[in-house]
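Q: I am new to this structure. Please take a close look at one part of it with me.

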Amino acid sequence: MQLCATLTVLGLLVMGSRAQGVMPTIGLPPCDSPEAEAAALVAQDFLNAQHTHGYKYVLNQIDKIKIISRPLQGDTYHLELDLLETTCHVLDPTPVALCPVRQKINTAVEADCEFVLSNTTQGLSVVAFKCKTETEFEDECLGCPQLVTLNDTDGLQLVQSSLDYFNKNNTLNTKFALLEIGRMGSQIISGGPKYFAEYAIIGTNCTSQDDDTCTPQNHTVAIHGLCLADGSSSVDCKIFGPAQAVDPASNATVSRVQQLLHAHTFGPQHNPTIHDLKHHKLTALHDPSASGLLSAESLESVEVVVAPKEAPIVKREVAAPEVPAADLTVSDKAPLLSEPVLRVPICPGKKKHF
């Protein structure tokens, strides 16, 4: 049984397609289909490769998928996805599929994203995306940890004191410098608030006993780590070697540490402390080729939906501009139905987490 319900587009089309009599078609595969899942994972991995601050994100739910097909051209995928922040920092080499999702009790971060992908003979690739992020937490949870801004004075004091402690007591004989604060928070306990912090560090050219001014190691040899600290003066740091990644623009091997350092060095808009933020936001808009495809509905005028066999159907209302009868062309592959119909909801897909 064909999974994809095919819609024939009628009405105003792009001039080139009109002149040649070429009719784009729109496919609506189920959101939990292998085709939709494969495209969503390509989008997820591309997003994480672009995200040089904070934490990796993992797919939670496919809200919508639409595939626009044109003869002699690659298909264009339009996806709406929900993603969740994991506890893996972007410099953590752990595959995102193995990264735990941050739970609401610890203030989760959800990303609502729209992606446009192109499917050619080279495979699926992301053309553009846009995202917005927001926090989620347990309702009426008295005493639960609460995020504080990434420039909170008490939180920064904890970061500095815990890093000083680690530098004096680590067995690597290396002095580390602060690379980035991932998140900071506080929890009300008896005796007052208790602060906690998560932050990234990078090795310097100093030993752990040096008091001189230190500079971060060259990215080709730099070691880096991720630290968890709380108000009891305890700190736990995981140290990694140089992390390698492939730069999609140049296909050259570059260091993720170097990418992060570059992102910190250029463009103050990337620094969350300037804006008093409590978490690292994703890129709001990524459309380097100015495709104009995000949220574009220009190709959808009058639609005819063909319901797959062996599936219950429900009515679907299709809003469309009025089009002169002379401009309408009906595909011989799909009968014109008096009332557009669609199988019982195939989207959104199932949530993988919460």
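Let us start with cysteine 88. Is cysteine 88 buried or exposed, by its relative accessibility?

A: This is a predicted model. Cysteine 88 has a relative accessibility of 4%. The cut-off for buried is under 20%, so cysteine 88 counts as buried.

Cysteine 88 has a bonded partner. A disulfide joins cysteine 88 to cysteine 99, with 2.2 Å from S to S. A disulfide is a covalent bond between the sulfur atoms of two cysteines. The angle about this S-S bond is -105°, and the link is left-handed. Cysteine 88 sits in strand 4, residues 75-89. Cysteine 99 sits in the loop between strand 4 and strand 5. The pair therefore ties together parts that are eleven residues apart in sequence. Cysteine 99 is buried too, at 7% relative accessibility.

The structure holds six disulfides. Another one is formed by cysteine 113 and cysteine 131, with sulfur atoms 2.0 Å apart. Its angle is 115° about the S-S bond, and this link is right-handed. Cysteine 113 belongs to strand 5 and cysteine 131 to strand 6, 18 residues apart. Cysteine 113 is buried at 4% relative accessibility. Cysteine 131 is buried with a relative accessible area of 10%.

Cysteine 227 and cysteine 237 form a disulfide as well, their sulfur atoms 2.0 Å apart. The torsion about that S-S bond is about 110°, so the disulfide is right-handed. Cysteine 227 lies in strand 10 and cysteine 237 in strand 11, so the pair ties together parts ten residues apart in sequence. Both cysteine 227 and cysteine 237 are buried.

Counting bonded cysteines along the chain, the pattern is 1-12, 2-3, 4-5, 6-7, 8-9, 10-11.

Terms used: Residues are numbered from 1 along each chain as its sequence is written. This is a predicted model: local features need pLDDT of at least 70, side-chain atom pairs count only at pLDDT 80 or more; totals for chains, interfaces and linings use all residues. Side-chain values use heavy atoms; hydrogens and water are left out. A disulfide is a pair of cysteine sulfur atoms within 2.5 Å. Helices (H or I, at least four residues) and strands (E, at least two) are DSSP runs, numbered from the N terminus. Buried means under 20% relative accessible area, exposed over 50%, partly exposed in between (1.4 Å probe, protein chains only).
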